[in-house]
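Let's take a walk through a protein model together, one stop at a time. Have the sequence and the 3D view ready.

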Amino acid sequence: MHALLSGFAPIWVLTGIGYAVGRGGLLGEQAEAVLGRFVFHVAMPAALFTMVSGSEPDDFGHPSMVAFAVSTALAAGLGFVAVRRVFGRGRARAAIGAMSSGQVNSANLGIPVAVQVLGDASFVAQVILFQVLVLSPVILTLLDSGTRTPDGPDGPRPGGGLRRMLTMPVRNPVIMASLLGVAVSATGLRLPAALAHPCDVLGAAAVPTALITLGLSLHRGPAGGTAPRADRAETAVVVAVKTLGQPLAALLVAGPLLHLPEKQLLAVVVCAALPTAQNSFIYAREYGLDTGPARDAIVASTLVSMVTLSVAAWALGP
């Protein structure tokens, strides 16, 4: 339990600092918007490029990664359908619901938890790459198509949707940075230290700044003071899918279906039980959506996952 608390501590501390800064008005009224744009357009692309360019994504075909990918697809798909069909939301908000349901906090929480519970973070590295190279582009495509503005006075011109989809990697810094990282990794190139080190330093600011931004939004709270009942129900469903549905799906796929060894089974379930990544809040804010559901899902799933992670480590661990 001490290991889990050590992993969660930075999340609570940095989010609390953001809340205190927002409550004191230290950074002004536009702080959340400015910091959110900084994370999405500058720090996060730098972090993703550094991560992907220095990786060797050759293990995606490993059964452990297959089990995690299936659990992610099931959780994200269920979250999308629930938000879209049950709660009647638009495609973009359903995409955020899918992200909140299926994308795990693999970097700043997954790595320390994996080191303490599993003994190493090698599988988490594969999870990070899967989310960067597969899940994020799908979510961003749904967000882009769900928030696009008409191309003409009578609505989208013919081919407008296809044109936007084809040009999205150029317009979206997260996808562009990931693709550049893949190109560098595939060619075996390595950036000179004079370029690589500034990119590392800039990328290191992504997670803490995102958590500070999340804390700022907690101070602002929902319009009107209290989230509508439908929003609270939507958040409850998303959190249930994330903290219970995804690890259970991972357990079923990795155990009865693939018969993975105990250590691999534990790795898949622990990673699937990680809470919602703060990227869902950053994406919702960047695309002009209501950030309340994503923010609440992050906070609630982080609380609940302390229990589910402990149960998974106790039940499946040595």
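This is a predicted model: local features need pLDDT of at least 70, side-chain atom pairs count only at pLDDT 80 or more; totals for chains, interfaces and linings use all residues.

Rolling a probe the size of a water molecule over the atoms shows where empty space is left. The largest pocket comes out at a volume of about 440 Å³, and 28 residues line it. If you want to find its centre, look for A47, L48, M51, A107 and V207, which lie nearest to it. Helices α2 (31-53), α6 (122-147), α9 (193-204), α10 (206-220) and α13 (279-286) each give two or more residues to this lining. The top contributor is α2, with seven residues. And what classes of residue make up the lining of the largest pocket? There are 17 nonpolar residues, ten polar ones and one charged one.

Next, the charged side chains. The model has seven salt bridges, and some of them belong to a network that links R89, R93, D231, E234 and D290. Start with D231 and R89, whose closest N and O atoms are 2.7 Å apart. D231 lies in helix α11 and R89 in the loop between α3 and α4 (91-102), so this pair ties together parts that are 142 residues apart in sequence. Is D231 buried or exposed? With a relative accessible area of 12%, D231 is buried.

R89 has another partner: R89 also forms a salt bridge with E234, with 2.8 Å between the closest N and O atoms. Here too distant parts of the chain are linked, with R89 in that loop and E234 in helix α11, 145 residues apart. E234 counts as buried because its relative accessibility is 2%, under the 20% cut-off. E234 meets R93 as well, in a salt bridge of 2.9 Å from N to O. R93 sits in helix α4, 141 residues away from E234 in helix α11, and both R93 and E234 are buried.

V66, V70, L74, L257 and L258 make a nonpolar patch of about 410 Å². Helix α3 (residues 63-86) gives the most to the patch, with three residues. L258 is found in the loop between α11 (229-257) and α12 (262-272). Because its relative accessibility is 35%, L258 counts as partly exposed.

Key. Residues are numbered from 1 along each chain as its sequence is written. Side-chain values use heavy atoms; hydrogens and water are left out. Patches are made of residues with over 30% relative accessible area and no salt bridge: like charges are joined within 9 Å, nonpolar side chains (Val, Leu, Ile, Met, Phe, Trp, Tyr) within 5 Å. Accessible areas come from the Shrake-Rupley method with a 1.4 Å probe; for residues, only the protein chains shown count as cover. A salt bridge is a side-chain nitrogen of Lys or Arg within 4 Å of a carboxyl oxygen of Asp or Glu. Helices (H or I, at least four residues) and strands (E, at least two) are DSSP runs, numbered from the N terminus. Buried means under 20% relative accessible area, exposed over 50%, partly exposed in between (1.4 Å probe, protein chains only). On a 1 Å grid over the protein atoms alone, a cavity is a set of points where a 1.4 Å probe fits but cannot get out, and a pocket is an open set with protein on both sides within 12 Å along at least five of seven lines; lining residues have an atom within 4 Å of a point. Grid points are joined across faces, edges and corners, and a volume is the space filled by probe spheres set on the points. Ala, Val, Leu, Ile, Met, Phe, Trp, Tyr, Cys and Pro count as nonpolar, Asp, Glu, Lys and Arg as charged, and the others, Gly among them, as polar.
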